Amino acid sequence: MKKPIIAIMYDFDKTLSSQDMQNYNFIPNLGLTPAEFWSKTEEVCVKHNMDKILGYMYVMMAECKARGIKLTKEYLKSLGSGVELFKGVDTWFDRINAYGEELGLRIEHYIISSGTKEIIEGCKVAKEFKRIYGCEFMYGDDKTAIWPKIAVNYTNKTQYVYRISKGALEENEEEKLNSATDDKDRRVNYENMIYVGDGMTDIPCMKVVKSRGGKAIAIYQNQQKEKVQNLVRDNRINYVCPADYREKSKMETIVKLILENMAATHKVKMTEEKILKEYKSSISME
């Protein structure tokens, strides 16, 4: 029997790491504080009525140019090693994959982030993801950034949920992404999806996944639970968890229960289809 694919999709900043990824090394290397960098970004966005994601990408390029720092893909990727992950993240994927295997499930992990893809690619868990979707730069002949190639803002994050469901994983697979697709032809059914994010910026993805039968989990740090509780009240998510991915944590317990339910649902569905097929076969022979 073919194993059903379960897609677990994660935001990155404040979901797997405690801060915006630029805060760890990129901004300090500019000689700025995070407050100063993000203030500059806000000023640019207000002045030019600019999308905030494009705004921060512009400021990254401008500030590097002003300081003679070559903003290359290799430089950004080298910064990923300095990103600090929440407790348990480094062993999370092996544990969840193994549990999925026990249940007869195939687990795939994805990043859908408005952060910088190149930095994520340099972090120590990058190899765990089937795809990393994030903001990317286009590079010139000298290998320095010359233009934002892909900007993933909070609303267009949802396209990647659709991409993962349909199996249109490459950015240029427009026809496959936009074509009508029956549930039976989807690579990952929506009810086999889990979206993990930290709150307001992930609401569009959370709503898409939850409304179609999947599960949405909001992560919170320290004593900030009240920031995501409203999402439960407004029926936008299924669960709220502390930012702790260690063994036997609430996060692990909830995800394992979700996987158990998905596995059980798949077995019932397969049994029903088998019974129906046998019944149709017996009718045709009469």
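Of the 286 residues of the chain, 48% count as buried, where buried means under 20% relative accessible area, exposed means over 50%, and partly exposed lies in between (1.4 Å probe, protein chains only). This is a predicted model, in which local features need pLDDT of at least 70 and side-chain atom pairs count only at pLDDT 80 or more, whereas totals for chains, interfaces and linings use all residues. Residues are numbered from 1 along each chain as its sequence is written, and side-chain values use heavy atoms, with hydrogens and water left out.

**Overall fold**

- The secondary structure of the chain comes to 11 helices and seven strands; helices (H or I, at least four residues) and strands (E, at least two) are DSSP runs, numbered from the N terminus.
- The radius of gyration of the chain is 21 Å, which agrees with the value near 19 Å that a compact globule of 286 residues would have; the radius is taken over C-alpha atoms, and the globule rule is 2.2 Å times the number of residues to the power 0.38.
- Along its principal axes, the C-alpha trace of the chain spans about 80 × 45 × 35 Å.
- Among the contacts in the chain with a separation of 6 or more, 60% are accounted for by residues 24 or more positions apart, a contact being heavy atoms within 4.5 Å.

**Salt bridges**

- The chain has 14 salt bridges, counted wherever a side-chain nitrogen of Lys or Arg lies within 4 Å of a carboxyl oxygen of Asp or Glu.
- K3 and E101 meet through their side chains in a salt bridge (2.5 Å, N to O), and this pair links distant parts of the chain, with K3 in the segment before strand 1 (5–10) and E101 in helix 5 (residues 89–102), 98 residues apart. K3 is partly exposed at 34% relative accessibility, and E101 is also partly exposed, with a relative accessible area of 48%.
- R187 and E108 form a salt bridge through their side chains (2.7 Å, N to O), which again links distant parts of the chain, since R187 lies in the loop between helix 8 (174–178) and strand 5 (193–197) while E108 lies in strand 2 (residues 106–116), 79 residues apart. Here R187 is partly exposed, with a relative accessible area of 27%, whereas E108 is buried, at 4%.
- K256 forms a salt bridge with E252, and their closest N and O atoms are 3.8 Å apart; because the two residues are four residues apart in helix 11 (residues 250–285), about one helical turn separates them. K256 is partly exposed at 23% relative accessibility, whereas E252 is buried at 4%.

**Surroundings of E252**

- E252, which has its place in helix 11, touches W92, R95, I96, R246 and E247, not counting residues up to four places away in sequence.

**Pockets**

- The largest pocket has a volume of about 590 Å³. On a 1 Å grid over the protein atoms alone, a pocket is an open set of points where a 1.4 Å probe fits, with protein on both sides within 12 Å along at least five of seven lines, and lining residues have an atom within 4 Å of a point. Grid points are joined across faces, edges and corners, and a volume is the space filled by probe spheres set on the points.
- Of the 26 residues that line the largest pocket, P4, N189, N192, H266 and K269 are the closest to its centre. Strand 1 and helix 11 are the elements that give two or more residues to this lining, and helix 11 gives the most, with eight residues.
- By class, the lining of the largest pocket has nine nonpolar, seven polar and 10 charged residues; Ala, Val, Leu, Ile, Met, Phe, Trp, Tyr, Cys and Pro count as nonpolar, Asp, Glu, Lys and Arg as charged, and the others, Gly among them, as polar.
- The second largest pocket holds about 450 Å³ of space, and of the 18 residues that line it, D13, D20, I53, Y154 and T201 are the closest to its centre. Its lining draws at least two residues from each of helix 2 (34–48), helix 3 (52–67) and strand 2, and comprises four nonpolar, six polar and eight charged residues.

**Helix 9**

- In helix 9 (residues 203–211), the buried residues are I203, C205, M206, V208, V209 and K210; these buried residues pack against strand 1, helix 7 (158–166), strand 5, strand 6 (215–220) and helix 10 (226–233).
- Just after helix 9, G213 takes a positive phi of about 100°.
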